[in-house]
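Reader: I have a model open on the screen and would like to go through its layout. Please take the questions one at a time.

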Amino acid sequence: MQSGAMTMTSTWSRFGAAIYDPFLALGERRGMRERRRRLLRDASGRVLEIGAGTGLNLAHYPRGLDELLLSEPVEPMARRLESRLRRSGVRGRVVRAGAEAIPVATGSIDTVVSTMVLCTVPDPEAALGEIRRVLRPDGLLLFCEHVRSDSNRRSRWQERLAGPWEAFADGCRCNQETLGLIERTLRIERLEHEAWRGMPGLVQPLIVGEARSAK
Ligand SMILES: C[S@@+](CC[C@H](N)C(=O)[O-])C[C@H]1O[C@@H](n2cnc3c(N)ncnc32)[C@H](O)[C@@H]1O
């Protein structure tokens, strides 16, 4: 994990990047791939994806974007992202930066994409402030995030296992109330709660939707 225009490498982050796609594979097959496709069809203009990881969204961007910037601060992830970008034939550029300090001009982005990232960013409030800053007036955030459950039983487990999960999943907080954070910064226009099939109960449910920069 890292913020700012720099990158981090550690043995654990190399391992995390290596197992990322296999760990998600069942979930991708059981609905996440299709969810990514549905979410990203609304991306347009100059697009910035934060925490782009290994590039699982790449295949789903619509053609004809003005520009695609893929930000990723963790070096082993960024290398995999570059390699998938080359193979995909999609036109885009990898930017080595964390979401709390994005090196792009204020009001210059039409669409920001965040899929399973705000749980991992060390300072999600700062990241959302940056998203609002870089979006043009009335720009769009497309998000898909796993959040703390409303069910008492599940959220108790999320609390109990938050520490071990965070250590295993490279900083991911399974008990974070991300919806409230988004609502405090942006205007939510569409919201669905969904199950992330094929993935552990700790990372349920998902919130999927769209928010605008104008409050
Ligand atoms: C669970 S992965 C999600 C990857 C990808 N968005 C996806 O949908 O598969 C979380 C990503 O957030 C990245 N990350 C970690 N710290 C970050 C930060 N400060 N700002 C932005 N991304 C960060 C991680 O390196 C990782 O690639």
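Reader: Which helices each supply at least two residues of the lining of the largest cavity?

Author: This is a predicted model. A search of the whole structure finds 1 cavity of 30 Å³ or more. Helices that each give at least two residues to the lining of the largest cavity are α1 (11–40) and α5 (162–168).

Reader: How many residues of that lining come from α1, the source of its largest share?

Author: The lining of the largest cavity has 46 residues, and the closest to the centre are Tyr20, Met77, Met116, Thr120 and Ala169. The share from α1 is the largest, at 10 residues.

Reader: What is the volume of the largest cavity, and how does its lining divide by class?

Author: The space in the largest cavity is about 740 Å³. Its lining divides into 28 nonpolar, 13 polar and 5 charged residues.

Reader: Which residues of α2 meet α1?

Author: On the α1 side, the contact is made by Ser13, Arg14, Ala17, Ala18, Tyr20 and Asp21. By class, the residues of this contact are 5 nonpolar, 1 polar and 4 charged. From α2 come Pro76, Met77, Arg80 and Arg84.

Reader: Which strands are at the edges of the sheet?

Author: The sheet is open, has 7 strands and shows mixed pairing, in the order β3-β2-β1-β4-β5-β7-β6. An edge strand here pairs on one side only, and that applies to β3 (93–95) and β6 (187–194).

Reader: What is the average twist from one strand to the next?

Author: The value describes the open sheet of 7 strands. From one strand to the next, the twist averages 15 degrees.

Reader: In which sense do β2 and β3 pair, parallel or antiparallel?

Author: Strands of a sheet pair through backbone hydrogen bonds, either parallel or antiparallel. Leucine 70 stands opposite valine 94 in β3. Strand β2 (residues 67–71) and β3 share 3 bridges, and their sense is parallel.

Reader: Which strands does α6 touch?

Author: Helix α3 (residues 124–134) lies across β1 (46–49), β4 (109–115) and β5 (135–146), and runs at about 145 degrees to β5. Helix α6 (residues 178–185) also packs on the sheet, with its direction at about 165 degrees to that of β6. The strands touched by α6 are β5, β6 and β7 (206–212).

Reader: Which residues lie nearest the centre of the largest pocket?

Author: The largest pocket has a volume of about 310 Å³. By class, its lining has 7 nonpolar, 4 polar and 5 charged residues. Of the 16 residues in the lining, those nearest the centre are Pro62, Arg63, Gly64, Val90 and Arg91.

Reader: Which element gives the largest share of the lining of the second largest pocket?

Author: The second largest pocket has a volume of about 170 Å³. Residues in its lining include Arg148, Asp150, Glu177, Thr178 and His193, and the class count is 3 nonpolar, 4 polar and 3 charged. The largest share, 3 residues, comes from α6.

Notes
Residues are numbered from 1 along each chain as its sequence is written. This is a predicted model: local features need pLDDT of at least 70, side-chain atom pairs count only at pLDDT 80 or more; totals for chains, interfaces and linings use all residues. Side-chain values use heavy atoms; hydrogens and water are left out. On a 1 Å grid over the protein atoms alone, a cavity is a set of points where a 1.4 Å probe fits but cannot get out, and a pocket is an open set with protein on both sides within 12 Å along at least five of seven lines; lining residues have an atom within 4 Å of a point. Grid points are joined across faces, edges and corners, and a volume is the space filled by probe spheres set on the points. Helices (H or I, at least four residues) and strands (E, at least two) are DSSP runs, numbered from the N terminus. Ala, Val, Leu, Ile, Met, Phe, Trp, Tyr, Cys and Pro count as nonpolar, Asp, Glu, Lys and Arg as charged, and the others, Gly among them, as polar. Contact means heavy atoms within 4.5 Å. Two strands pair if DSSP finds at least two bridges between them. Axes are lines fitted to C-alpha atoms, for helices over the stretch in contact, and angles run from 0 to 180 degrees between N-to-C directions.
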